[in-house]
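Please examine the sequence and the model before reading each solution.

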Amino acid sequence: MSINRKELTEMAELAKLDLNAEQTRQVGQSLNQITAMVERIKKADTAQVKPMFHPCQFWMPLRDDVVAEPSRKTELLALARHADDNFYLVPKVIE
Amino acid sequence: MINLSIRELNQLLEKKQISLPELSSIYLDRCQQFNPLLNALLHINDDIQPEQLLTADNATGLLSGIPLIHKDLFSTHGVRTTAGSRMLAEYIPPFDATVVARLNQAGMMSLGKANMDEFAMGSSNEYSYFGPVNNPWDLNRVPGGSSGGSAAAVAARLTPVATASDTGGSIRQPAAFCGITGIKPSYGRASRFGMIAFASSLDQAGVMAVSADDCGLVLEAMMGHDDKDSTSIKADPWSWQAPQDAAMQGLKVGVIPAWIEQLTDDDIKQSTLSALETLVEQGAELIEVDLPHAELAVAAYYILAPAEASANLARFDGIRFGHQCADKSDDINDMYRKTRSEGFGAEVQRRIMLGTWALSSGYYDDYYCQAQRIRRLISEDFKQAFSQVDVMAVPVSPEVPFKHGEKSDGVNMYQADQFTIPSSLAGLPCLSMPIQPAHNLPVGLQLIGPYFNEQIILTTAAKFQMVTDYHRQMPEAFV
């Protein structure tokens, strides 16, 4: 299993990371080391084993559909670099 | 004074042999004096008003007025919370994590925030944006990670207690490297609300302190169901019952011979065997058990944890909070990329890429789902083992604290998590307690309990600490 440069570029785009050529090379080298290490899990016989996505059984609790906390709009918008009139400001996304 | 237990500090306060301002000053002075040597703290709460913390409800409890330091992963209302990252270098949460709120309610006095590996990803605390933490036992060596700041702060007695978090060993390994006691409770015991996420099905809040008794007292106050975290389990309230004597008659302790054989450092192996011998002298019976699938744990973990991290860290987009790139961009995707590449360090970016790969089409079944199946096999191994024993005693780390920069490539560090990851994948309670040092550096022994049985591991550790004094030893430079 080896991750090639094209896959690395695609993954960087999915992960929204801007890697230059040297960073891409270094990440590729590390990832290929790691994937070589994890390759061994494929050999385990797990045909009859269900995946365990969580360490304990729990059921998603439901609560009444009522407002539980007061609005913290002002506090939360204050954390943004750019906000105005109760909106977060971002570069234009609609052509 | 600085080596006193929580119960002893409480007695001093109760008998008015020391006042709250005096107690806070002693520890704050140490923070100011020693932090330049350690870089263990990212914030020191200089303007603390100890007497204002106490209310009619919490003025008399055992934890009332006891100082502590929070790992900088826990959101603290009005106090900068960075997770060791440039991404959150200026983030000031408008709320407290539930763990923080509960310890505030118990009257504990927060002295500051502890340095850590960025987003808890690391085993050496060399991956903090704010610089590495030094081990108080040898400043040229790492304190372990990711809770390295918390561990170094307790070891140097800048605080008697610190909060910490553990995903694959981030409490136990730094506790072992710094010669203190650290417990990760069962997954679901403590609320994760306000604890900045790394891998949601593995992350768990815990405690670091000098002794198991101190850990038990603080753990009791911070655990319990929280409506704000649906993965915190509703169970009967747990209260720490400290043992009255050191006898261990009837206790069946599981040991894994293959793991001890994997200790290639003879001094660490000798320390481990000597600690097991002490348990036997106290009356415990050692029983050999096996976890046949644990050898696949590290490989499974380094699929699962990065996969969950890549999803969790997607929230850092530079828009709502956290770092945003300075470059004005007309393209939102361009802004996302620049913000995230500037805000995340190299190790975090590497794990995001690894997680993105593991979750991508074509690899999901072969790696991600397969790793989840391995996780079940390991969990079943533990169930089998705990049908024969009450508690397991195994190594924490195959190595003593290494020198800064000695492991320049993070991948080299991953394999050293081999003894801590299996119990993390199974969600079990586990702790590290100090045993006989090796090479004049601290060594830990790991105790693992059945799911939701923190009492058995804390009791075993507390009894061990009644007949040993490794946990009371302090690095000379900080006495």
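**Exercise 1.** How many residues does the contact take from chain B, and how many from chain A? Determine also the area buried between the two chains.

*Solution.* This is a predicted model, in which local features need pLDDT of at least 70 and side-chain atom pairs count only at pLDDT 80 or more, while totals for chains, interfaces and linings use all residues. Residues are numbered from 1 along each chain as its sequence is written, chains are lettered from A and ligands numbered from 1 in the order in which they are written, and side-chain values use heavy atoms, with hydrogens and water left out.

Step 1. Chain B supplies 68 residues and chain A 53 residues to the contact (heavy atoms within 4.5 Å).

Step 2. The buried area, that is, the accessible area (1.4 Å probe) that two parts lose on being put together, summed over both, is about 5,300 Å², and carbon and sulfur atoms give 67% of this.

Step 3. On the chain B side, the most area is lost to chain A by Arg337(B), Met353(B) and Tyr367(B), together 13% of what that side buries.

**Exercise 2.** Which residue forms a salt bridge with Arg337(B)?

*Solution.* Step 1. Between chain B and chain A the count is 3 salt bridges (a side-chain nitrogen of Lys or Arg within 4 Å of a carboxyl oxygen of Asp or Glu).

Step 1. The partner of Arg337(B) is Glu13(A), and the closest N and O atoms are 2.8 Å apart.

**Exercise 3.** Is Phe402(B) buried or exposed? Describe its surroundings.

*Solution.* Step 1. Both Phe402(B) and Phe177(B) are buried (buried is under 20% relative accessible area, exposed over 50%, partly exposed in between; 1.4 Å probe, protein chains only).

Step 1. The structure holds 19 aromatic pairs over all chains (rings of Phe, Tyr and Trp, for Trp its six-membered ring, with centres within 6.5 Å; planes under 30 degrees apart are stacked, over 60 edge-to-face and the rest tilted). The ring centres of Phe177(B) and Phe402(B) are 6.2 Å apart and their planes stand at 85°, so this pair is edge-to-face.

Step 2. The charged end of Lys407(B) sits over the ring of Phe402(B), 4.8 Å from its centre (NZ of Lys or CZ of Arg within 6 Å of the ring centre and within 35 degrees of the ring normal).

**Exercise 4.** Which residues does Asp381(B) touch, not counting residues up to four places away in sequence?

*Solution.* Step 1. Asp381(B) counts as buried because its relative accessibility is 9%.

Step 1. With that exclusion, Asp381(B) touches Asp290(B), Leu291(B), Pro292(B), His293(B) and Ala294(B).

Step 2. Asp381(B) and Pro292(B) are 89 residues apart in sequence and 7.0 Å apart in space, C-alpha to C-alpha.
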